[in-house]
Amino acid sequence: MGIRPEELRELERMFPGRVTAEAVERRLYSHDVGAMPRLIRPLLGKALADGVVQPRSEEEVVRLVRWAAERRIPLTPRAKATSGYGGVIPAQGGIVADLSRLRGVVAIDEAAQTVTVQPSTVWQELEGELGKRGLALRLYPSSAPSSTVAGWLAQGGVGYGSFEHGPFRDSVASARVLLPTGEVRAFQGEDLDLVSEAEGITGIILEVTLRVRPAQEEALWAAQFPTAADLAAALQEITARELPLWSVSFINPRMAALKNQLPPKIEHGHPVEEHRPRLPEAYLALFVAPASRRAEVEPKLLAAIAAHKGSPLSEELARHEWEARFEIMHVKRLGPSLVPAEVVVPLDGLAATLEEIDRTVHQPFVAEGMLCRAGAGYEATLLGFIPHDERKFTYNLAFGLSLSVLKAAKAHGGRAYSTGLYFKGEAGQVLGRARLERLAAFKAQADPQGVMNPGKVLGGSPLASFMGLAQAFEPLVRAVANPAGSPVGERPEGAGRRGVPDEVAWYAYACAQCGACVDECDQYYGRVWESSAPRGKWFFLREFMEGRARMTQEWVDRFLACTTCEMCNVKCPLELPIEHAWGQMRGRLIHEEGRMTFPPFEVMRAALKKERNIWASYARDRAAWVPEDLKGKIRERAEIGYFAGCTASFVERDVAQGTARLLSAAGVEFTTMGTDEACCGIPMLVAGRWDAWADTVRHNIAGMKARGVKTVVTSCPACWLSWHTYYPEWARKLGIEFDIQARHYTEVIAERVREGGFRFPNAVPMKVTWHDSCHMGRAGGIYEPPRQVLSAIPGLTLVEMEHNREGAHCCGSVLTLVENPDTAKAIGDVRVKEAEATGADAVVASCPCCEVQLRVTADKIGSKLPVIDLGHLTSQALGVEMPDPTPGTLEAWSTFEAMIWLLKPEAMAGLFEELFPPMFAAMPGAMRGMMKVAKRVPGMLSLMKPMMPMMMPILVPMLMPKVMPDMLAAVGRRVPMPPHMREQMPELLPAAMESLMPNMLPLITPLVVPKMIAYIREKL
Ligand SMILES: Cc1cc2nc3c(=O)[nH]c(=O)nc-3n(C[C@H](O)[C@H](O)[C@H](O)COP(=O)(O)OP(=O)(O)OC[C@H]3O[C@@H](n4cnc5c(N)ncnc54)[C@H](O)[C@@H]3O)c2cc1C
Ligand code: SF4
Ligand code: SF4
C-alpha cells in the first residue's frame, strides 16, 4: 500500500533532514550483503522501503516506533546491513529505521568487566575504546570493522573468541529493548532468547551490556592438515584435552588456493607490490590464545597437530592470516559474486560434512570455519561460498548448491546457520522448537499488529515454501546446478553496460557490500546517506547497469563530489581501487558523455585557458610571490625545479615563500617556471575536464624540460600527486617523453636534516599538530618527512591527532568545497575539532588547499585554532617573520564561495529573472509581440508553458551575447570580486556560460518558466 504523502511529511517534521523517500536511496536501504538470484527475487514480493528514517536518540526511536505502531506501518530495524539472510530487507515495505547514528560507549565498568553500549556501536571501534582501559572484547565477528553490537545480538552468530566464550548471546549481560507497545524492557538470562537471533521482530535493541576481558597480546599458531578427517581429529583432540585456546578457525584447501590466486592491490591503475606469503593448499587452521597461556597451550597443541598428520606453519604465516582475519570476502575479487552456503555442524560431524560437500558439490566450495563452544561440546560454523557471477543465468542454478551444502550438514547432525527472511522454514532447527514457540508467543503478545520487522523468522512465505520445496528436490537441483559453474578469476573486460567502464563494472559486482568503507568516507559522514558512500555508489552502479536506475545529474554530482581522500581504498578488505574507479566514472560522464561538471569548474577552466591559473588572476603576476631575499637566488636552469602551484602563487603566498626559502637555506639550487608556470591541472582532472587537463600537462612538462629540470619539487601535495603519478601516466597517453621525478619538499629537507647538512638556527616554542594531506599521505605514503622537518625545529613539540598518517581524516576540500561549502564545513568541522582536541597551539599543514579549507571551516565554526603552513613555520625558524595569510585567504575564498552559490540552479534561475527586461528587449520583435498577444488571450499563457522548455535552448544562446553586459553587472552585484577578476569577467563568464548552458538549462528551465510566465503576465 505504501505510506501516504502526508505521513511522509509528518515524519519529515519529526526528523528534519533525516527522512528520505528518494527512489534510489530507498533501494539502497532495502538490501543486505546477499545477492538473490534473479529468478528467485520475485518471490520476495515488493521488499522495498517506502521511506528511510534516521533517528539519532533513544527518544526519537521511541517516537518512531509509536508513530509506526499507531498507523500499523511496518518498521524494519537496520544497523550496518552486513548480514545476509534478509533481516534488514523491508519484506512488507514501510519504514526502514536506520539506527546507525545510535553508537558509542555508554559506560565501562572495569571492576565488573562489562561495557554498556548504544546499539549501533561498531565492534572495531568498541575494541579501540576498551583497549584504552586495558580491556578487550571476548569475541567479535569477522565483520568487526563495520558490523554492530545490536546487529550481532539480533542476528546471532559466532566469531573470533567463540571457542572460549561461545555464541555472542552468552557474553551479553543484558539488553534494553523497546517493544512495539512502546514499553522499554531489560532482557537478561533466559529472556535473551526473545531478543537474540530474533532479527528485531520483538523490538528495537536500545542498549546492550556485554562482558569483556582483560586485554592481552595474542599468541598465534597455524598448522596445515592433508584431509578434513585429520583436521577434525586434531580439533577433537584439542577440545577433549581442554586446551585453553581463545579462538580456533580454519579454511579449506579451495579457500587457500583462491587466496593464492588473488590479484595484487591496484593503486592509481597500477599493481602494488606487497608481500603475501603463499599458502599451502591444504586445510589450514589458526589457533589463538592470550599470550599468558602460551606455555600451557603450546606443547599440547603441537602434539595434537602432530598426532593427526598436521604440520605447524611459520609464525609469519600465522600472523599474516590473523591480520587478514577481517578479509574473509577477499576472494570475491575473483567471482565477482559468491553463492553463500553457511551451516553449523557438531564437531564430530565436521569431517563427514566436508567430505560429503566435496563429493556432491562440483563447483569450488570455499569455506572458513569457526569453532564454537556449545553446551558441553563444540560446533563448527562453516561460512561457505561458491564463487560465481550473478549476471549470468547459471547463477540462478548454482544457487541451488547452497541446499546441497545444507543437506550435507543436516545428514551429519547440522543445521542452517540462520533464519532471517530466506530460511524461515529452518527456524525450528536453528533456534530449537521450544525456543521458537516461546518467541512466537511473545511476538503475538508484544506485537499483535505485526509492525516490527514483519516477514522474518516466524511464519511462512512464498520464498520459504520455495526453499522447502527445493530442498525436497535437492538431488535434482544439484544435477542441474553442478554443471552451471562460472570460471574463477579477474576478468575486467566486457563487463560494462550503459557506458560504465568494464573495469568499474566488474568491481561494482565484486563489492561485497560489507560496509567497511562507509563510516570513514568523508562523503558519508558529511552527508550521512548511503548514496554518498562507496558501498552505495557500487550498488547504484549495479542498479544503473541493470536498467533499474537513471544516471541523473544528482548521481553525476555524487561521483564528482568525492574528495579523492582514498580512505576507502585503505579500508576496503577486497582492496578495490574505489577512488580510482570514481575518477574513471568522471572521465566517462563528463569528458566522454559531455555531462555537467560542477559549474564553478567551468569558470576555473576559462581562467586556466586564459591566464593558466584557477584563481582568475593574471599570469603576469604569478611570480610575484618571490620575496626580496630570494631574488637572484632562483636559477634560470637547474636540475631541480620548484613548482609553486596556483594557490601558493596567488592566495597563500607564504607557502611558496616559506618553501623556496627553506630549499635555499638548505643549499638546494633550483629554478622555477616563473610567470610561465601553469596550474598543475588537477582541478580539471578531477572535474572530468580532461581537455583542459591535457593542455596543462603538456605546457608544464615542456616548461620544466626547457629549464633542464630532472626533479620537480612541490609544496602542494596535489601538485606532487600530479607530477609524481598522473603526469607520467598522461605523458604516455599523450605521447610525450617524460623522465622527470617528483618529490615533496619535506622529503628533500628531511634528507638534508638526516644527513646533518642542515639545521634550523632559531627556536619556535610551540605545540603543534600535523595534518596529513590525503594527496601526499594515503596517495603517496609521505608521512614521516614532514614530521621529521617539524621535529628538527628547536623548541617545537609535535602532538598527533587521533586519526593520523594512513588513518588521517580528510579536510573536506576541493571537490566537496566546490560542490557545497556547507558539506565541506561539516567534514572540516571533524578535522578542526580533532586538531583542537590535541591541545595544540596550531594545526600545521603543507597543502594550500587544506589550509584554505581548514581556515574557512575554523572561521565558520568559530574555532580560534590557527592554521599554519609548514613553510611559514620553518621561515620563522630561519628568522623570517611573515604576515598571517588568514585574512587574505578568507577574502579570496568569499569570492569563490559566492560564485559557487550563484552557479546553483536555484540562484541561476533568480539571476535569469533579474535579466528578463533586457532579455525580452533583445528578443526579435515578432516574438515579443507574440508574447504580448499571448498574455491577452485567456488560457494562452498556460498553453505556452509546456512549449517554454523547448524554446529555452534556442532562446538562451541567441540572447546570451546581447544580455551579457547586464549579466556581468548582475553577477558583479552578487559576487564580491577583486579588480583583476572583475576585469577578466567579460571574457571568463561568456566562456563558462557557453560550456555550462547545454547541461544547466534543463535544470533551471523548470524554475525559470513559472517566473517567465509571471513576468509576461504582469510586466510585459
Ligand atoms: C565480511 C563479513 C564477515 C562476517 N563475519 C561474520 C562472523 O564472523 N560471524 C557472524 O555471526 N556473522 C558474520 N557476518 C554477518 C554479519 O556481519 C553479522 O550478522 C552482523 O552481526 C550483522 O550486524 P549489522 O550491524 O550489520 O546488522 P544488520 O545486518 O544491520 O542487522 C542484522 C539483523 O539485526 C536487526 N537489527 C539491527 N539492529 C537492531 C536493533 N538495534 N534492534 C533490533 N534489531 C536490530 C536487523 O533488523 C537484522 O534483522 C559477516 C558478514 C560480512 C559481510
Ligand atoms: S576517496 Fe574519500 S571521499 Fe571519495 S569515496 Fe573514498 S573515502 Fe569517500
Ligand atoms: S567497497 Fe569494499 S569496503 Fe566498501 S562495501 Fe564494497 S567491499 Fe566492502
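Student: Which backbone atom lies 2.6 Å from a nitrogen atom of ligand 1?
Tutor: The model is predicted, so to speak of local features requires pLDDT of at least 70, side-chain atom pairs count only at pLDDT 80 or more, and totals for chains, interfaces and linings use all residues; side-chain values use heavy atoms, without hydrogens and water. Residues are numbered from 1 along each chain as its sequence is written, while chains are lettered from A and ligands numbered from 1 in the order in which they are written. A polar contact is a pair of N or O atoms within 3.5 Å; within protein, one must be able to donate a hydrogen and the other to accept it, and residues adjacent in sequence count only if both atoms are side-chain atoms. The atom at 2.6 Å from a nitrogen atom of ligand 1 is a backbone N or O atom of Val158.

Student: How much of ligand 1 does the protein bury?
Tutor: Accessible areas come from the Shrake-Rupley method with a 1.4 Å probe; for residues, only the protein chains shown count as cover. Taken alone, ligand 1 exposes 970 Å². The share of this area that the protein buries is 96%.

Student: Which element gives the most residues to the shell around ligand 1?
Tutor: Helices (H or I, at least four residues) and strands (E, at least two) are DSSP runs, numbered from the N terminus. Two or more residues come from each of β3 (75-78), α5 (149-155) and β10 (204-214). With five residues, the element that gives the most is α5.

Student: Which residues come nearest to ligand 1?
Tutor: A residue is near a molecule or strand if one of its heavy atoms lies within 4 Å of it. By class, the shell has 19 nonpolar, 14 polar and three charged residues, where Ala, Val, Leu, Ile, Met, Phe, Trp, Tyr, Cys and Pro count as nonpolar, Asp, Glu, Lys and Arg as charged, and the others, Gly among them, as polar. Of the 36 residues around ligand 1, those that come nearest are Pro77, Thr82, Ser83, Ser143 and Tyr417.

Student: Which residues come nearest to ligand 2?
Tutor: The shell around ligand 2 has seven nonpolar, three polar and three charged residues. Of its 13 residues, the nearest are Cys521, Cys562, Cys565, Glu566 and Cys568.

Student: Which residues come nearest to ligand 3?
Tutor: The shell around ligand 3 divides into ten nonpolar residues, two polar and one charged. Of the 13 residues around ligand 3, the nearest are Cys511, Cys514, Cys517, Trp538 and Cys572.

Student: Which residue of β19 is the bridge partner of Leu338?
Tutor: Strands β17 (residues 337-346) and β19 (residues 377-388) run antiparallel and are joined by ten bridges. The partner of Leu338 in β19 is Pro387.

Student: Is the peptide bond from Gly335 to Pro336 cis or trans?
Tutor: Pro336 belongs to the loop between α10 and β17. With omega near 15°, the bond from Gly335 to Pro336 is cis.

Student: Which residue in β4 stands opposite Val52?
Tutor: Four strands form an open sheet of mixed pairing, in the order β1-β2-β4-β3. Three bridges join the parallel strands β2 (residues 51-53) and β4 (residues 95-98). Opposite Val52 stands Val96.

Definitions and conventions
Pairing = 2+ DSSP bridges.
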